[in-house]
Amino acid sequence: MQLLIEAIGFGIASGAVIALGAVGFSVQFGMSNVLNITYGALMTLGAYIGLFLIDRGISPWAALAIAGVVVGAASVAFNRGLLAPLVRRGTRAFAIVIVTVSAGVVLQYVIVVFAGPDAKSYGEQSGQTFHLLGMVLTASEVTIVVLAAALMLGLHLLLTRTTLGRAMRATASNRILAQSCGIATDRISDIAWMLSGMLCGAAGVALAITTVSFDFSLGAVFLIPMIAAAVLGGIGQPYGAMVGGLVVGVASELAAAFTNPAYREVVAFGILIVMLLVRPHGLFGAAWATRRLMA
Amino acid sequence: MGAWEYYLVVLLVYLGTDLLAAWGLNLEFGVTGVANLGYIVTIAAGAYAYVICTLGSPASAGGFQEYVGGFGLPFPVALAAGIVAGSVVGVLIGVTGLKRLRQDYQAIAMLVVSLMAATVVTADTPFLNGNAGLVILPQFAPLSDQDPEVQRWVYVGIVAAVCVLGYLVLRRFTTGPIGRTLRAVRDDEYAAAAIGKDIVVLRLVVQAAGGALGGASGALLVAFIGGWSPGAWAYVETLALLTAVIVGGMGNDRGVSVGTFLIAILILQGVQFLNDVPALKAIEGLLNRPALTQDLGWIVLGTLTILFIWFRPQGILPERRPKYGGIRG
Amino acid sequence: MGIHRWRLASPLALATALVLVACGGSQGATPPTQTGALNLGVIAPFTGPAAEFGTLLTAPCLAATDLINASGGVLGHQVNCTSIDDTGDPADAVPNVTRAIATTSNFDFAIGLESNTAATTVPLVNNAKIPFFTTNGLVSFTKNNFPYYYRVTPGDDANGAAFAVWAVQQGYKNAAIVFQNNIGSEGNLPGLNAAMPKLGGKVGINLTIPADSASYSSEVARVIAAKPDVLIWSADPQTTATFLANYKSLNNGVLPPMVTATDSLTPDFFNAVTKVVGVDYVTKQIWLVGSYFDQTTPAFNTYKNALLADAKTKDIAPVLSTVGPPAGAYDGINIMALAMIMAKTTVGSYYNSYILQVVSPKSGATVVGNYADGKAALAAGKSIQYVGVLGKPAFDQYHNSAGEFDANKFNADGSATQVGTISGSQVLQLLG
């Protein structure tokens with residue numbers, strides 16, 4: 001029983017990081033309709049930018065913000081330079097997915113060439129330990145949980161309460177119709193990629209803080225749990241991705257606590273496959289994003 | 001046997017097994033449009049099936065590795081078992097794509113199947129000896145009564161013969177009525193269904209055939225190299241095959257063969273020769289990295305794929321048929 | 001269907017061409033004379049997840065060849081280290097190694113061939129009649145029929161049993177065994193599980209964990225609940241750092257003592273773990289158990305000084321000089337080079353039969369601990385016995401020599417100090 005409660009606590013902590021990345025992935029996918037596997041390598045890039053900054057004496061939380069901005073810009077450039085033109089030419093979905101997988105591999109190995117393949121670390125950042133309802137969380141985990149919740153809330157408000165958000169949803173749902181209503185869809189799309197890229201970079205640094213030690217495969221390893229969380233929550237749904245992240249996080253920790261820990265990742269894999277087969281529009285699928293999940 | 005001659009044998013065996021694998025992937029991906037990012041699992045299944053059929057029981061084989069089965073069967077039977085295993089796994093992976101999911105979702109589902117398979121095999125040591133993998137000792141026994149030098153060339157002949165057979169099977173699917181139906185399914189599923197084609201059955205048959213080619217590839221490879229472990233079938237291996245298919249020309253059997261030769265032999269072996277280039281040595285010294293070639297190999301592969309999809313999506317040898325699809329819809 | 005038939009021609013033509021090429025090539029009875037420098041192959045992963053091994057095995061090669069070349073080379077030939085990247089993938093290794101065998105002139109000896117790829121690379125190098133000292137730990141090579149194969153480091157199962165012996169010797173009775181899901185750890189487990197109860201200890205909990213997870217909090221909670229007095233551990237630096245950081249957070253900053261393999265005696269491990277849990281824990285509470293060597297012998301000093309003298313290895317020399325597999329590789333190079341002198345040829349198929357003679361004890365032999373002394377003694381017409389950094393190799397009929405074991409601790413600068421020894425015969429008894 002003790003272990004059960006503890007594992008749920010650990011799951012919330014790791015789920016928050018997954019959620020952070022999953023929300024960005026979800027927004028990007030909902031907006032562009034492109035399944036962007038390069039997202040994983042961009043997360044790794046965020047973690048290494050964080051390392052570069054922290055090694056030069058910048059605080060981890062400032063590094064998180066800066067890495068977010070840099071990766072956000074990189075995301076916009078990646079979309080503008082490569083993905084959007086391919087989509088415009090009518091390149092098919094599976095070819096685009098292969099482009100994003102390939103771009104991810106290229107970016108990952110470019111990072112290896114410059115930074116080397118060995119394990120890196122920001123040093124221990126976890127700080128003080130808090131005991132809460134039988135759960136044990138470190139200061140950095142609490143910060144990340146709060147940060148993730150705040151970003152989620154902010155994003156939700158942005159999407160539902162502002163003109164920009166309404167324009168984003170309109171563009172995601174029907175680009176041509178949105179354009180004819182006078183929405184500058186290219187600019188809106190840039191903003192969406194920027195936002196999701198920022199979440200991606202921030203998630204990379206947050207991941208590196210929680211794992212304490214990381215290498216060039218960081219993003220590739222966590223991409224699948226993030227996609228699982230995004231699909232579970234329903235593409236384009238910030239709250240859904242948050243819930244999805246928590247479910248994936250808690251399920252993985254429960255697997256580690258009560259079965260062979262070597263199978264902890266299989267849980268996220270299983271959730272993703274089951275969701276794809278049974279309910280590809282997710283638990284909280286939004287009408288504007290779900291219709292194109294089927295072929 | 002001269003060392004160069006042996007290197008040539010190795011390259012020919014690798015070319016043959018890579019060709020079988022690329023043809024199988026092209027059948028699923030290029031011809032039918034099933035983007036199977038988990039294709040390497042069919043190769044692994046063929047290899048493992050071959051090994052456990054060839055070896056005797058774990059105790060009789062020295063007791064140093066754990067595995068299920070152990071049947072002590074001769075080479076042709078073990079090879080057939082590898083082909084069947086690849087085929088079965090191909091169908092199992094295919095089931096994840098049966099529902100009419102978007103192609104990119106399908107691709108991810110299959111990628112995840114590949115990751116799951118690797119996790120299960122490594123975590124469950126009694127199944128197929130986990131990370132350490134399985135070793136065939138004594139090594140290379142298909143024709144054990146022959147002189148080893150002759151054996152190797154005979155083996156190249158066997159691989160070539162299986163390639164010929166594989167090609168014949170492949171042509172059954174890529175030409176004629178079946179081929180036209182498959183392309184129709186790829187290019188417009190709904191229209192194909194509307195004219196009465198049973199898409200589910202078609203796809204499963206293709207997955208079985210593609211998997212059989214993968215299984216043959218894995219079995220022939222492991223019989224030659226004598227060992228197989230999870231390190232040999234990481235999911236990224238599928239990408240190298242995919243690059244071969246895209247560069248060569250999706251849906252064109254000859255194009256894919258050319259692509260396989262280019263990627264598997266010229267580029268992946270070519271980068272190894274870069275080790276001797278002084279400029280690269282200087283860069284390696286500068287970055288304090290003793291060996292960059294393998295990393296560069298991945299960068300080259302990924303970049304090539306992107307460049308081809310961007311500049312020449314039809315590949316070196318385009319699919320010859322009325323134009324209504326390809327990478328661009 | 002005439003059009004289709006020619007397409008089949010290419011594989012068929014290939015097959016015919018092959019049969020034609022198959023003829024030709026045979027070997028004479030007298031050793032051919034080689035000219036120019038000799039190449040020593042370092043067959044190891046230089047890229048991929050196990051790339052660290054490449055660096056670890058290049059260092060002893062540089063140390064050995066620096067000394068050999070300084071003393072005038074082998075039979076007048078200088079010796080180069082040639083890196084051969086096996087990538088850690090048993091399938092990709094095959095073309096890389098055969099290519100190296102084909103393209104490298106005077107490829108006369110090799111080291112490396114570690115666990116990830118040994119299954120496919122050992123037969124290749126053996127068939128090329130190149131003698132080699134491997135550092136793999138696979139139990140599968142405990143009995144083998146490769147005449148060119150030599151191993152002076154213990155198998156993984158023996159290593160596992162040695163962990164148990166050391167933990168119990170330190171007074172620990174309740175071990176938590178936590179191993180990463182990888183090749184070496186997997187090999188340690190059977191020996192460890194067999195030995196622990198025989199020594200009167202118990203295994204409180206035994207977990208296999210995946211590498212590079214975001215957190216190991218649940219695993220840590222399970223380990224803490226088992227109240228272990230020692231953690232018997234094997235994992236990569238990154239996984240170790242994450243696990244220990246989680247442990248510290250969940251156990252009020254207290255970490256249990258750890259017994260792990262000398263495989264972790266690397267700068268990467270030291271740096272990654274120190275950065276996370278502090279140098280105090282790393283130097284005081286971690287024992288690293290592996291192949292024994294006596295750090296007071298002249299042979300060891302020669303080896304360490306050679307590492308310190310080469311600009312490429314001097315930074316890692318303090319740590320590296322106490323790690324078993326590289327030291328075994330260094331000894332192996334000296335043994336093979338001395339065998340070449342005894343055989344009066346550098347060709348593997350001829351000098352291979354002299355390798356056991358270099359190390360076999362014989363009355364009246366001059367005991368030598370380095371290449372230069374051995375060369376001088378042979379030139380003076382004496383018989384020699386090589387006793388190297390790892391002591392006296394005692395090869396069994398399969399050319400395996402497990403040797404003795406020792407325990408080490410890290411120093412604050414990342415170097416290591418030997419703190420105790422474990423008898424090799426005791427370890428083998430526990431396995432039996």
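Visitor: Which residue of β3(C) does C:V42 stand opposite?

Guide: In this model, which is a predicted one, C:V42 stands opposite C:I111 in β3(C).

Visitor: What makes β1(C) and β3(C) a pair of strands?

Guide: Two strands pair if DSSP finds at least two bridges between them, and 5 bridges join β1(C) to β3(C), residues 107-112, with the two strands running parallel; β1(C) and β3(C) therefore count as paired.

Visitor: How many bridges join β1(C) to β2(C)?

Guide: There are 7 bridges between β1(C) and β2(C), the strand of residues 79-85, and these strands also run parallel. As one example of the pairing, C:I43 has C:I84 as its bridge partner in β2(C). Between the two strands the chain passes through helix α2, residues 52-70 of chain C, and this β-α-β crossover is right-handed.

Visitor: Why is β1(C) described as largely enclosed by the rest of the structure?

Guide: A residue is called buried if 20 or more other C-beta atoms lie within 10 Å of its own, and 7 of the 7 residues of β1(C), residues 38-44, are buried, so the strand is largely enclosed by the rest of the structure. Both faces are covered, with C:L38, C:L40, C:V42 and C:A44 buried on one side and C:N39, C:G41 and C:I43 buried on the other.

Visitor: How do you know that the radius of gyration of chain C agrees with that of a compact globule?

Guide: For 432 residues a compact globule would have a radius of gyration near 22 Å, and chain C has 23 Å, which agrees. The C-alpha trace of chain C spans about 80 × 70 × 45 Å along its principal axes, and buried residues make up 60% of the chain. Of the contacts in chain C with a separation of 6 or more, 71% are between residues 24 or more positions apart.

Visitor: What makes up the contact between chain A and chain C?

Guide: The contact takes 35 residues from chain A and 27 residues from chain C. On the side of chain A, the largest share, 7 residues, comes from α1(A), and by class that side has 17 nonpolar, 11 polar and 7 charged residues.

Visitor: Which domains does the assignment give for chain B?

Guide: The domain assignment gives domain 1 (3-233) and domain 2 (235-320), and their contact takes 23 residues from domain 1 and 17 residues from domain 2 of chain B. On the side of domain 1, α1(B) supplies the largest share, 13 residues.

Methods
Residues numbered from 1 in each chain as written. Chains lettered and ligands numbered in written order. Predicted model: local features only at pLDDT ≥ 70, side-chain atom pairs only at ≥ 80, totals over all residues. Contact = placed C-beta atoms within 7 Å. Helix = DSSP H or I, 4+ residues; strand = E, 2+ residues; numbered from the N terminus. Nonpolar A, V, L, I, M, F, W, Y, C, P; charged D, E, K, R; others polar. Domains from an automatic or database assignment. Rg over C-alpha atoms; globule rule 2.2 N^0.38 Å. Buried ≥ 20, exposed ≤ 12 C-beta atoms within 10 Å, placed from the backbone. Right-handed = clockwise from strand over helix to strand, strands pointing away.
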